[in-house]
Structure formats: structure tokens, C-alpha cells
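Please examine the model shown below.

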Amino acid sequence: MPLIQIAGSERFAYQPKSAEQTRKLASGARLHTVDDGDIDVLDPLTYEVIRHRLAAIAGEMGDGLKRMSGSVVVTDCNDFGATILDECGDSVVVGLYNTQLAASVDMAVKWTLENRSRQAGFHAGDMFLCNDPWVGGGLHQNDVTVFAPLIHDGEVFAWTAVVCHQVDLGGVSPGSWSVEGRDVFWESTPIPPVKIVEAGNIRSDIEDMYLRRSRVPRLIALDLRAKIGANNIAQERLTALIAKYGARTVKAVMKRMMNDAEARLRAKLQSLPDGAWSGVAHQDSFRHSDRNVYKILLTMTKRGDSLKFDFTGTDKETEGFANCTFAGLRGGIMPIVLTMLCGDIPWSPGGLYRCLDIVSEPGTINNCNFPAGIGKASVASAWATQNVVSECVAGMLDVHPDHRKSLMCVCCGTWDLAVLAGLDQRGNPFVTMICDSMAGGLGARVDQDGVDTGGLNCIPMGRVADVEINEFSFPMLYLWRREETDSGGPGRFRGGMGGSSCFIPHDSPIGGVHLVVSATGKALPQATGVSGGYPAGTQYDVLKRNARVAELFGAGRIPSTLEEIGGAADILEAHLETELGEQDVYYTHWQGGGGYGDPLLRDPVLVARDVGARKVSPSAANDVYGVLLNSDGSADETATRRRRTQIRCERVGEPVPNQAAE
Amino acid sequence: MTYAIGVDTGGTFTDGFLASTDGMLVSAKAHSTPPDFSRGFINVLGELASAIGSSVEELLSKTEYIVHGTTSTLNAVITGEVARVGFLTTRGHGDSIRIMNLEGRYAGLDPSAVQNISRTNKPAPLVPYRDVIEIDERIDHKGAVIVPLDEQGVRAAVRKLYDDGVRAIAVSLLWAFRNPVHERRIREIVQEEAAELYVALSHETSPRIREYTRSATTIINTQIGPVLKGYLAPLEEELRAKKFDGSLLIMQGSGGCVQAADASKYAVGTLGSVLTGGIVGCLRLAERLGHRNIISTDMGGTTFLAGLVRDGKPSTTTTTVLHQHQINTAMVDVRTIGAGGGAIAWIDGGGNLRVGPRSAGARPGPVCYGEGGHEPTVTDADLVLGIINGDNFLGGRKKLSKELAAEAIRTRISEPLGLTMEQGAAAIYAIQNAQTADLVRSVVVNGGHDPRDFVLYSFGGAGPVHAVSYSADLGVSEVVVPLGSTAAVFSAYGLASSDIVLTAEMSDPSNFPVDPVTLNGNFEKLEAELAERLIQQKLRLANVVFEREAELRYTMQMAEVTTPVPGGMLGEAEIAGIGASFEQLYERIYGKGAGFSDAGLQIITYRVRAVGILPIRPDLAAHERAITDPVPSSIRKVFLDTRKGWQDTAIYDYRALGSGSKLSGPAVIEAPTTTVALPEGFAGVVDTYGNLIIRVANSG
């Protein structure tokens, strides 16, 4: 049935309010505050000592969560967030973890201030749990936030929050990854903020309600304790900080940190010319068997010291599981603001958001209403939002002689998801997400190439597992894992290469494995270039049925190409659930980063070097870069000059001049 | 009577320490002599010889062993002056050393560098593309041969590399640690093709699961092996020519030493060599003082290092990051957490005062050195505040300019912030202390410990200037400033008092509990290998101890926890006990209730350490007893505490203080190697070895 907004869902469709409004709306709670005078009297020494300690506390929360969690995405991939917020729910400091997740924690806290201040109320030792992306706190239901008010002298002094991805919270398909889903009711039911810890004790009724929906309740219970533990660490350390320096001083530092971040971002924006930049992000499927293309439109306007993101014209929300809520939209903006605009500015989103103005129509794919499906929001419409924001911000930075150095073209266009399930080589049931595509290519920069297999820009410290660890843990055998030639977007500076993994089921007692594939960017590239740079290649996933791997192995050969592998090629659509048989081969090729500048301007020496290192093929060197090589692999300057003239003429439809006379 | 000698080669000085079987202790210093560090080595022996009134030959003829801490391999990696290496690996996986699990883009970087993601890069690949050759062969996770080795392909690869001028080959195949048959055959083929080629095999260099780190370790080992050999072989020859008949032992990063010949075979083991002497010295001192839990800090001019000793044992790590490359080598876990006295104070884009992480380094160094530095550093602030004495810095070896320091602080820090010059300096001092407390705390807490259970040892020229202040913030109970006659050559003392330590390990991943036959078989094999290698050390050992450990984890995790394993034949009950120890350890490190038993356990790597106790164990030199109460050498205004401001402060010359001397703050103690700041409210006493022991009240 078509998506019809559910009556009664409106109050969960949250738009965050300013501190002043929040203070009024949270009338049931006493909120601690300071005035500008308190901020003005701070001396530089006290400010810096407390600022450093607040950052250290955010780090300790993150380290604590990593130590205590049982989820690999947390312990090894740094895919989580840790935040300290002020009394009004503005984020003061976020850890260097998943910046998408840090982008919407403030919404959940503000909603809670507005809606829970009388009942259930805020007392020492209380903590709230939320996985409702309409409320905020995460981008899809798998992102579960636990946040706690810090009570000092009976007042809400601040909030601490941690969030991370939980592997399964129910819904139609394992991993809560329902490729055939049409609306949110196919997915995990969102939980708005509920008091999970009361006066220091876990409420078992609420915990049971939470765990009952999961296929892996024990792991979820473990991670819940990890999140509570991480909040406890922060609360204890903040309490000691207040005891040492006084509540007013600590709070004044928190406010000044946000003011400082705001002032510095404003100063940077002020130094950039005014203008508007626009772009479109495409997604080529919203669910299994869907072949439509969906657009996110952005016009980003910089005027004075503020930045407006206007998404007007974006496609209407659609059946499927790839929409995102307003939290997802913000999760598409803040990572780029942090990583591209704030490389040298403290990560205090509460201050940074004040420089941003967001215009978006509810009911669109990146600001959807309930009950639109959002199961893969974080790597679907939120990610696509991030791509178009990235493109526009890069375009803006590019006009400034210094700031352009911090731009990256669009990084790894989308997440190439592969979930394997079945019986492992020891006969135990397993479900896992192969995280190889975390090694995507980073976008090119104005003065150098993007980092090959460098990661994702929203997770500064991502990581992939070794091939041996995957083969030890799961019934699979890799034919290769490598960087892929021509996968980086061509440009004067080339985008970082993406890579590919090619593997077969190996050693499972039942032969094959169950496979879920979910990745757009197959019909059109998503990692766009900047200033004439080309996009990175598309995602490309191929399933070879009845391949001849066994025969090749018998002959002492390891195949290096899909052609060599033989069998029937099934080029996979974006969303699919299928079986990978004993004789089948799965090839997953994730995206690189976009290129910067016209590839015809690339130094031919660099192109020759790339061909020598297999980063660029000789044919791409000729066709895209216009570079021809001598037999020793060096660039043929004369032939290159002619070829480039020829390409330039072709581009504008003019006849190619006779170059023999040169 | 025979001698044991420790020689510690650092970047600037080469320190020597000599102990005799009848209790004589002598120390000496010489300048280091890069690039040929062996000159400094021989020079310091000359200094020791003349101190005991003998010739170098006479000294060496009576020396049973020399333990040497060397910087040669680390230096080679840092300067990139290493051997060219060809790399052979399984077809389909040659890119592993370029993908670097992607963590190579940020590994080992300071958080401020990680935050600026668009400026991060991976290092150049360890081996350039043209020198990486993939070979058809495949072994699976069980060690089964899936595709036999393409011997013709190996021959062709070796010939190509040889013809290109490559003379060293690193081989790292998938699952070779599980079944080394293909790696071994490759070595045979290489030797058939070109006998003079040096070959390293991953299952020998680093028999541990995870191909990226194993390959990186094997390659680096192949790159620096020839460097170490090229340094040690002539050195040993020269020592032999000077009548040395004993053993030349090289300190390993793992906390013990091995014969020079062994060290070259496993050169990555020496990457942490220079760090270890200090930790061993720290352990010996702790044994004397009865301390079990120590935070060892060393704040010099350019770095701030921190390591932990827990229950009398140094905390160790099995992997380390070098130039953003992840490598497997057992090392005492000493972390660089700051920039030392050279940390630069600066005003950020928001007009806020910051200290570090950037350092003025050794050149130009702090502004007060007068060597061209313009950016004020922590050392400049220490000088301006009167804590360190510009005329008596490091025993007067370096004159410092207070005027230059004050000018830099005034113009670059104080005036932009609207402060007086002194206020700016005081802020730098206090920020440095508060940040150090934060950073040391994170090292302790991340190890699963509580700082309140620790004593802090403060080494280094700049350390004791700050230690008492940040220790109070950290909450440790006591600060020890090692002084006394041994202090100046503390690492060399540690070297001379160290043990032989040999390590053998193998990965044999399986679910846990593992059957007793497998487990006992693995440990017996490792112990037999070590027993053989111990015999080859040809040393008189006071005792030999085998220590077993295994790396376990919860199924699905990517990281393991090193768990102690009892010796002897183990039955099912004892094996279950290993699992219980793992879970206990896990809870201690990761927090109560953090364990996930429902996931099941896996055992990944088995390891045995053989510790051979060397026969000479030098004591620390005793310090002369005080006969009178300590008398200040002068009184000057010093700024030690922002709450107190400038105070008349007693300045003591350490050399005039006998053991038993009691001091109370505010005071400054000037020793030849360092300066100790004792703020008001703290008291210290000189102990029988000449160390200054300071009780710390917890100020939170």
C-alpha cells in the first residue's frame, strides 16, 4: 500500500530547538545554566585545562565502550559515537568515532527534555534508551543510544551519551536488513526514549521489552551494559571535574567551547566568497527488484558567516527501506562539516550547528514521515545526502587558496553490504557482515591523490579484518582481495582506489552459504568528482554460478579475473537475498573516491607511474587521461600532447587539427 | 673476579655501566657517534677501563658478558636506509601491504592529526609494486594444501628479482604459520637459484595469524637484518681483537637479551632495544624499594614516554606501530604520549592557549637554547618561572637564556591573551601538568588499572620538574625520582642487570577448550625449540625459567587477550582453568560484566618465554648518610603553583644531600641530571640509594 503518514506519529517527528526554546519547553526540569559573564571571566589557563579534560572524558567513554562491547563494529571498526552535551542537549564534544552517529544525539536529548521532564523526570542515576530515528540519536533502528542526565545540586547539569550499531533488533530479515521491506513495519519497531536505568539500577521490565525483539538478545544485553558503563565513566569523571573547579566554571567552559567552535567556523565561512553550490545525489534502488532512480537535490548557499542547506525538490519518500529521517539528513551534513570544514576546529557540534540552516520538506526521502522504511537509512539516503553535501562543500572550499587544501572529493560512494549466514566450518550457525568495503577510496585533494583503500570519511578510524581472520571465522576462501585498477575517479589528482574481494564458500558442512546483498551505486556512480574531476567507478557485484574454480585449483592455478573463473555471470542488482552455492563465486567491488580537476591536466609522469603500479590501465590512460606510453613505460610526451588535443576537440565537437606540422 | 657490562647507545650519549662479581660498580658516559655507533661503544669501554685503572684489553679479558642496547635498527627504519627487499606472497594477496587493513592511514597518529582526515595519508608501501610477486599456491585455515606450489613460477620470480638487483627476499604466504611447507620449499628454490640471496620466511619471523601484520613484520625484518648484522659483526670482531672472550648480548624490545648472532636473525626484536634498559633498571629499583605497581615516566627534551609495571612485571605488547606500519614483535609497552619539554605553546584559531602536541624537537629546541627557536616551549616556561636554573641546567652543561624565553612567551602567548608575561608562563606550566595527568591516566585506565594503586617513577631531564604536580592530579600515592650515582646511566645499569629472554610462538587457532594433546604438543614443541636455542647462547646461567602464555578471545572478536598458562602436562581441568583466567583478566581489563561467555572462546596463539638468569646481578650504589639537616644553597622566587603565585623557595644542591635528608615544599632540588620541583604541601626524603621519595596527597 502507498505510504500514508500515521496519525499520532507527528510528535515523534522531531526538529531540534535552540537552547532558549528547549529551556522553555523543558519546564518540568530544573536546568543548570550560566550567563555570559561567567564565560567572560574564564581565564585561558582554566579554560584550556578543563577543555582538554572534557575531550579526554569523551575519549575515555569511547575507550570504555570499546573495551566492554561484544560487537566487532564497535571493538574494531570504531563504528560508534560518544558525546558530552550541555543541559539543553547541545553537543559540547564528540569523540573521533563515527561522525554520522554523533550528528543526531542532540535531537534525542532535546526531545527527551521536552517530553520527559515531568514524567519520567530526571534524577541522579537515571539513563534513557532510544532507537527511534524520528526522535534522533541514530540514523536507523540498529543505532541504539543510551544517554544520561548529569544531576548536580538537583539540577540537570549536562548529558552524556553513547550510541552504536546493534547487529539485530528484529524485523523480517536477519540483521534487521529487510531487502524486500516496504515500510517501517517490516523493520524493527522504533523505541522512543524510555528510562532504562533508574537511580542506578537497570529496569528489567524495560530491558526485557527491548531485548525481546532481537535474534541475538544476549549480545544486545552485553552491549547495553557496555553503554551504561561508558556513561558511568563519564558521569564519575564529570562529577570529579565539577567538584574540583565548580559547576559554574565547568559549565562556562562547555559553553565557551561551543562558542569557540561556532566563532571559528563562522570566521572560516566569512573568509570564503559568498555563493551557491548545487548538486544531485542519486540512488538506483530502494528495495529488492526496484529499478527506479531517486534524487536528493541540494542547493548550498554561503552568505556571510553562515551556510544554508536547501534540499527542496528532493524526491518524495518511497516504499522500500532506504529513506532516512531528519536525523539521517543531519547525519549526512555533520560528518562533512566536521571532516572538511573542521579539521582544525574543535568538534563541538552544538556550536557548529548554529552556523547551519537546513531547509527540507517533510515527506521526502531524506526527511521522511512515519511509517516510511528506514532500515538501511545510514548507508542509503543519509549516505547519499553526505555525498551531495561533500560535493557542494568541496566546491565551496575550492575557491579559497588555503581552505581548499582540506577538501576531499566524494569518498567511497556507498556501502557495499554483504551479509553471510549459515553454518560455519565448525558446524555452528553464524551471521556476519563482511566489512571489507570499509576500505573504500578517499576522494582526491587539490594537491594530491585521494588515499587508496583509505576508508570512509564519516569514520576517521575505520578498519577491515585480515583475510585470514575472515577465513578462520567464517566458511569462506578468498581468491583475492585487492585494489582495483581504474576504480579511483580520474582527475588531475586521482581519487583513491576502491577494492574488490572475490571469495568462494569453503568448508561449510552444508556446502554453500546464505547471502544478502545491499548496495546502490550500480547503475550510476555515486562518488562524484570536483572541478572537472571524474566520478569513481560504479559498484559492481557479480555472482558466478557453477564456476570452474575447483578445476583451476586442480590444475595448480589461482584465477585472477572473472573471465578465468568461468561459469555463468549473474550481475547483481542492488538489493538481493540469495544462496551462494558450493560451486559459486562471489565478487564484490566497492567504490573509490572521486577525482579532482580535469584528467587531461594530470602530469603524464604520474599517469605513467599509476599504469606501472596497476592503479590505472593503459586503456584508461589513453581514453581518459590522454596519455600514451613508451615501451619502457614512461610517458610519450609528443603522442600525449596530440592525444589530449584530440580529446579536447572531441569534447567540444570541433575537428581535430592536423598536428603533424608540430 | 669477572665483570658484566651494560652499554646503552642513545641518540646523543652512549652510557656504560660495569659491575663485578665482588660488588664493584662503575659508570661512564661518552658521546654517541652516528652513523657508526660502534665508535661510541668502544669509547665508553675506554672510559670504564680508565675509571678502574686498567686498559680496555684487560677489562674485556675479564668480562663475562656485555649487554648492549642499540638504536641501529630503529634508526635505519626512521632514516629509510634499509636493504632493498623482494616480496613473494600468495596470488591474489599482494595488495595486502598496500591496503594495510586501511588502518595504516591513521595508525600511531596524534588525535589532532586523525581529526584532520583530509591531510592523512598511508606511508609508502613497504615494498614497491615492481618488487612484489604473487605465486600460485594456497593453503586453507586448517593447513590443508588447496593449490600446490607453482615451483616454476617461484623460479621465474626469483630470477627476475635477482636480475633486477634484489639481494634479499621476504616470503609471506597465507596460512604459512599453519603449514609452512610452501614457504620452506620457496627457500630451497631460492637457494638453488642464487645461494647468496637472503631469505626470510613469515612462519619463522612471525608465526602469527593476520597476514598483513605478519607480512609487514617479515619485510621489515628482512630490510633491517643486514643493517644490524653490518653493525654487530665488525663490532664483535673488534671486541674479540681487544681480547674479549665473553658474550656480546643484544637487548631485545621484549625485556631480555640474546646473543648478537641471534639478534640479527630476528632484527625486529631489537626495534625496542633502547627503551628496554630503562624499564629493566626500573624493575630492579622497584625490587629494592618494594614497589609492585609502577607508572614509569620519562620526560626528556623531545618526548614523554610512559610504561607500566604491574605485580612486578612490565606490561608488554605483542604488536607495535612503526611509521604507521603494524608489526608483530614482543615489546615492553612504552608509549609516547607527549612532546616532553620541547612541547610548543601556541594560540589556536579561536584565540585559546594550547600546549603540544607539536614539539620544537632537538633542533632548534626551546627558545632559551638560543639555537634559533622562536616558538615558546614548556622548558621556556619552566625557566621563566624560576623552576629550572639557566646557569645550572643539567649540571651546568647547557646555558639557557631567560631573556629569550621571556620575550617569546610575552609576544606569542601573554600579550595576545592579555596576560602578564609571568601569567602566560604559569598557564603553560599548569596546562602541561593537567594534560600530562589526562594522558598518563588514559594509559593506566586503558590497561584496566586504577592510578591510585601505583607509584610513579619520574625519569628524564624534564620529568621531575612536573611530576609532583601532575601526580597529585593523577592520584598516585608516591613519586620516586631516581637520583643517586646510578641515575645518570640508568638504562646501562638496567642492561647490565638484565636476563636472557628468548621467545617462541605459533598460531594454531581453534575453538576453546582445545584438546590436551594439541595444547601440550604445541607447548612442548615451543619449549624444545627454546631449550635448544638456550644451549646455543653458550652462557653460564644462574637459572632458567619457562613462562607460557596463550592468546584467547571470545568468538567473533578481532583482538585477543594474552593469558598466562601453567607449565607441565595439562589435563582438561587445567585447560578449563586457562579459560577461567582469560575471563578474569578480560573483566579486569574491560570492566565487570563485560565478558561474553555465551559467544564461546577461541585460542589463537601459543607463546613461551625462556628466561635465563645471568650470574651477575649488580646492586645499586649506596648513598652517603646525611649528617646534618639539609641546607638550601640559595633562596629564589619560584612560581610552582597557580594558587600561590611567586614564593620564596629553597633551592637545594642534590650533591649536598645525604640519605635521610628531609625536604618540604616549596623547594627545588637541582641534581646534575635533572631538577625536582616540590610545590608547597609536599614533602620528600632522600632514601638509602639517593633517590628522592615524595609522598603525594591526593588532590583529585
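## Basis of the model

This is a predicted model, in which local features need pLDDT of at least 70 and side-chain atom pairs count only at pLDDT 80 or more, while totals for chains, interfaces and linings use all residues. Residues are numbered from 1 along each chain as its sequence is written, and chains are lettered from A and ligands numbered from 1 in the order in which they are written.

## Contact between chains A and B

Chain B contributes 67 residues to the contact and chain A contributes 80 residues; two residues are in contact if their C-beta atoms, placed from the backbone, lie within 7 Å. Among the elements of chain B that each supply at least two residues to this side are α9 (211-241), α14 (421-446), β23 (500-512) and α18 (572-590). Helices (H or I, at least four residues) and strands (E, at least two) are DSSP runs, numbered from the N terminus.

With nine residues, α14(B) gives the largest share of the side of chain B that touches chain A. That side comprises 31 nonpolar, 20 polar and 16 charged residues. In this classification Ala, Val, Leu, Ile, Met, Phe, Trp, Tyr, Cys and Pro are nonpolar, Asp, Glu, Lys and Arg are charged, and the others, Gly among them, are polar.

## Domains

Chain B is divided into domain 1 (3-76 + 228-273), domain 2 (500-613) and domain 3 (634-695), with bounds from an automatic or database domain assignment. The C-alpha centres of domain 1 and domain 2 of chain B are 33 Å apart. Their contact takes nine residues from domain 1 of chain B and eight residues from domain 2 of chain B. On the side of domain 1 of chain B, the largest share, three residues, belongs to strand β12 (residues 257-259) of chain B. The residues on that side are three nonpolar, six polar and no charged.

For chain A, the assignment gives domain 1 (11-263), domain 2 (408-599) and domain 3 (603-652). The C-alpha centres of domain 1 and domain 2 of chain A are separated by 34 Å. Domain 1 of chain A brings 13 residues to their contact, and domain 2 of chain A brings 17 residues.

## Helix α3 of chain B

Helix α3 (residues 72-79) of chain B has Ser72(B), Thr73(B), Ala76(B) and Val77(B) buried. A residue is buried if 20 or more other C-beta atoms lie within 10 Å of its own, exposed if 12 or fewer, and partly exposed in between, with C-beta atoms placed from the backbone. Elements covering the buried residues of α3(B) include α9 and β16 (316-322) of chain B. Ile78(B) and Thr79(B) are exposed on the face turned away from the buried side of α3(B). Just after α3(B), Gly80(B) has a positive phi of about 75°.

## Helix α6 of chain B

The 13 residues of helix α6 (residues 151-163) of chain B should span 18 Å at 1.5 Å a residue, and this agrees with its end C-alpha atoms, which are 18 Å apart; the expected span is 1.5 Å times one less than the number of residues. Val154(B), Ala157(B), Val158(B) and Leu161(B) are the buried residues of α6(B). They lie on the same side of α6(B) because they cover an arc of only 100° around the axis, the arc being that of the directions from the helix axis to the C-beta atoms.

The face of α6(B) turned away from the buried side carries the exposed residues Gln152(B), Arg159(B) and Asp163(B). Cover for the buried residues of α6(B) includes β5 (86-90), β6 (132-135), β9 (168-172) and α7 (181-193) of chain B.
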